[in-house]
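Please provide a briefing on the structure shown below.

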Amino acid sequence: MEKSYKTMSGAGSLNIILGIISVVVGVAAGILLIISGSKLLARKSNILF
């Protein structure tokens, strides 16, 4: 019983760590997308089609 508890505890902590990492990566990607979008909007008059 104790061995299965330790296994589940390790899996739970790993899931929490992976969740935190994915949130950080998502926020960083969102910030980069906002920055690149604002640069495109700022230079909108220079873009010709």
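**Briefing on the predicted model**

The structure holds one salt bridge, a term for a side-chain nitrogen of Lys or Arg within 4 Å of a carboxyl oxygen of Asp or Glu. This is a predicted model, in which local features need pLDDT of at least 70 and side-chain atom pairs count only at pLDDT 80 or more, while totals for chains, interfaces and linings use all residues. Residues are numbered from 1 along each chain as its sequence is written, and side-chain values use heavy atoms, with hydrogens and water left out.

Salt bridge
- The partners are Lys6 and Glu2, whose closest N and O atoms are 3.7 Å apart.
- Both Lys6 and Glu2 belong to helix 1, where four residues, about one turn of the helix, separate them.

Fold and dimensions
- The chain contains one helix and zero strands, taken as DSSP runs numbered from the N terminus (helices H or I, at least four residues; strands E, at least two).
- The C-alpha trace spans about 70 × 15 × 5 Å along its principal axes.
- Of the 49 residues in the chain, 0% are buried.

Surface
- The accessible surface of the chain is about 4,700 Å², with 75% belonging to carbon and sulfur atoms; areas come from the Shrake-Rupley method with a 1.4 Å probe, and for residues only the protein chains shown count as cover.
- Val25 lies in helix 1 (residues 2–42) and is exposed, with a relative accessible area of 53%.

Methods: Buried < 20%, exposed > 50% of the residue type's maximum accessible area, 1.4 Å probe, protein only.
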